[in-house]
Amino acid sequence: MTEIWKMTLGQLTAGYASGALSPVDAAKAAFERIEKVNPAINAIFAPMPERALEAAVASEKRWRDGAALGPLDGVPMTIKDSVAMKGTPYVRGCAANLGNPLSTSDSPPVARIQEAGGVILAKTTMPDFGMFAAGVSSAHGTTRNPFNLAYNTGGSSSGGAASLAAGIGALTIGTDMAGSVRMPAAMCGLAGMKPTQGRVPHLPPSAVRSAGPLARNVKDMATFLTVLSGEDLRDFGSIPPEQRRYEDADPAQLKGMEIGLCLDAGFGCETEPEIREAILRVAREVEAAGAVIVPVDRLIEFDPSEALNKLFFLRSRLEYNAMPAEKRSLMLPYALQACEAAGEISAIDYASALEELEKAKAQMYRHFGRLQYMLTPASPVHGFPADDVGADTKSALRHTNFMSLVNQTGQPGAVVNCGMTAQNLPIGVQVIGRRFDDWGVVQLLAALETMLGATPDIAEPN
């Protein structure tokens with residue numbers, strides 16, 4: 001039989017239903033896996049074995065009594081440091097927050113997981129305030145890519161992606177404001193999704209940040225999305241759930257479908273030849289299946305990087321302002337410098353940045369008048385050193401260029417693995433859809449997964 005820690009969500013629940021497997025066995029196997037691989041990858045923060053085993057025991061009884069709460073009941077998983085859970089630390093990757101009071105309430109994602117009987121093993125690492133798409137943090141240190149420990153995981157849901165890729169739990173949840181679910185999912189060989197803004201409620205409410213699921217295959221990711229979706233009055237931007245289960249979405253029938261292909265974001269890092277060729281291979285497969293590939297020269301016609309940086313770093317400046325002055329030096333140097341520089345941004349500068357981003361959003365969304373979906377690289381680069389804040393250490397968000405505008409427009413975006421680089425690093429392809437068409441994005445992602453057959457095995461970091 002497959003080792004428990006390697007099992008998919010469906011394999012686990014089938015075992016629970018038949019009595020061949022117990023949620024307690026799965027939780028214990030997950031903690032054994034943490035002990036084995038976390039010293040190498042440094043992805044787990046705040047493990048909670050007692051709480052997890054208590055939840056697993058309760059799940060075991062429900063399965064035995066024929067009263068399981070659904071497809072997540074008893075499934076081991078992790079949550080990002082920035083996803084609040086009552087009685088656990090909420091550090092957001094920053095050493096200045098170590099020792100702060102524990103969370104006093106559950107965020108909407110945690111509430112949905114617990115209502116569904118999910119077994120939360122631990123929280124996972126992230127960079128300071130989620131300010132950059134990398135696995136470095138003043139609170140947690142460096143999180144490493146389990147496929148090649150010399151390389152970065154991407155971020156900011158760095159620990160969740162690394163732990164899942166290394167076989168810790170069957171699911172994890174991250175948050176995404178500029179690609180923070182999709183980037184590490186792509187760099188760690190996973191399926192990950194930023195749904196339509198509001199599809200998954202989260203706190204504090206935001207017009208651009210969304211919580212989203214990561215899994216080792218599309219069906220498990222879709223099952224998790226179903227559980228996480230739905231209105232929560234604490235998030236005023238949350239939207240009503242679709243009256244269907246995303247895991248029931250069959251792979252899309254591609255014949256006759258017009259799908260855009262964009263290899264140039266128009267700003268940020270250039271797409272490396274190895275990544276370009278991998279995405280072109282995907283496009284050729286899609287075209288061979290009957291779709292019409294529509295070339296898109298670039299996502300937008302100008303560089304909004306400065307405006308995006310002002311938006312991101314001003315948000316972090318608020319957290320900087322709230323912390324005691326004597327603790328600010330504990331921040332990661334890049335984060336500290338960015339927050340200090342943000343203090344010089346005037347109200348007029350901020351208003352101008354917002355206006356520039358409105359123009360960028362309009363240019364981005366214009367493609368979807370004709371196109372229903374678009375394929376892009378997830379990351380334009382194959383990877384970068386584990387200790388770096390980004391592919392460009394002077395501008396840490398440059399490699400998020402294919403992802404960040406999807407947050408601004410509120411569209412769904414998702415990634416799935418499409419191959420490996422010469423350095424044994426996963427390559428991800430991104431699917432972007434129209435707002436509210438999360439179902440269609442899941443269908444297309446499932447079709448790509450089936451067609452490409454490229455999902456990597458669980459990594460054995462060494």
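Q: Where is histidine 140 found?
A: Histidine 140 sits in the loop between strand E4 (136-137) and strand E5 (141-142). The names come from DSSP runs, numbered from the N terminus: a helix is a run of H or I with at least four residues, and a strand is a run of E with at least two. Keep in mind that this is a predicted model, where local features need pLDDT of at least 70, side-chain atom pairs count only at pLDDT 80 or more, and totals for chains, interfaces and linings use all residues. Residues are numbered from 1 along each chain as its sequence is written, and side-chain values use heavy atoms, with hydrogens and water left out.

Q: Why does histidine 140 count as buried?
A: Its relative accessibility is 11%. Buried means under 20% relative accessible area, exposed means over 50%, and partly exposed is in between (1.4 Å probe, protein chains only). So histidine 140, at 11%, counts as buried.

Q: What makes the meeting of the side chains of histidine 140 and aspartate 81 a polar contact?
A: The two side chains come to 2.9 Å. The cut-off for a polar contact is a pair of N or O atoms within 3.5 Å; within protein, one must be able to donate a hydrogen and the other to accept it, and residues adjacent in sequence count only if both atoms are side-chain atoms. Histidine 140 also touches other residues beyond four places away in sequence, including Asn42, Phe45 and Thr125, where contact means heavy atoms within 4.5 Å.

Q: Which class does glycine 266 fall into, buried, partly exposed or exposed?
A: At 28% relative accessibility, glycine 266 counts as partly exposed. Glycine 266 lies in the loop between strand E9 (258-262) and helix H8 (273-288). Leaving out residues up to four places away in sequence, glycine 266 touches Arg298, Ile300 and Phe302. As for aspartate 303, it is 37 residues from glycine 266 in sequence and 6.8 Å away in space, C-alpha to C-alpha.

Q: How do you know that helix H4 (residues 108-115) is mostly covered?
A: Count the buried ones: six of its eight residues. They are Pro108, Pro109, Val110, Ala111, Arg112 and Ile113. These buried residues pack against several elements, among them strand E2 (76-80), strand E3 (119-124) and H7. After H4 comes glycine 117, whose phi is positive, near 85 degrees.

Q: What does the side chain of aspartate 106 reach?
A: The side chain of aspartate 106 reaches the backbone nitrogen of lysine 86 at 2.7 Å. Aspartate 106 has its place in the loop between E2 and H4. Setting aside neighbours within four places in sequence, aspartate 106 is in contact with residues including Ala84, Met85 and Arg234.

Q: Why are H7 and H13 called roughly antiparallel?
A: The axes of helix H7 (residues 218-228) and helix H13 (residues 438-452) cross at roughly 160 degrees and come within 10 Å. Angles under 35 degrees count as roughly parallel, over 145 as roughly antiparallel, 65 to 115 as roughly perpendicular, and the rest as oblique. H7 and H13 are therefore roughly antiparallel to each other. Where they meet, H7 brings Val218, Met221, Ala222 and Leu225, and H13 brings Val442, Leu445, Ala446 and Glu449. By class, that contact has seven nonpolar residues, no polar ones and one charged.

Q: What makes H9 oblique to H11?
A: Helix H9 (residues 305-322) and helix H11 (residues 347-365) pack at about 125 degrees, with axes 8 Å apart. That angle makes H9 oblique to H11. On the H9 side the contact uses Ala307, Leu308, Lys310, Leu311 and Leu314, and on the H11 side Asp349, Tyr350, Ala353, Glu356 and Leu357. These divide into seven nonpolar, no polar and three charged residues.

Q: And why are H9 and H10 called roughly perpendicular?
A: The axes of H9 and H10 cross at roughly 100 degrees and come within 8 Å. H9 and H10 are therefore roughly perpendicular to each other. Among the residues making the contact are Phe313 and Tyr320 of H9, and Tyr334 and Cys339 of H10. The contact of H9 with H10 has eight nonpolar, one polar and two charged residues.

Conventions
Axes fitted to C-alpha atoms, helices over the stretch in contact; angles between N-to-C directions. Nonpolar A, V, L, I, M, F, W, Y, C, P; charged D, E, K, R; others polar.
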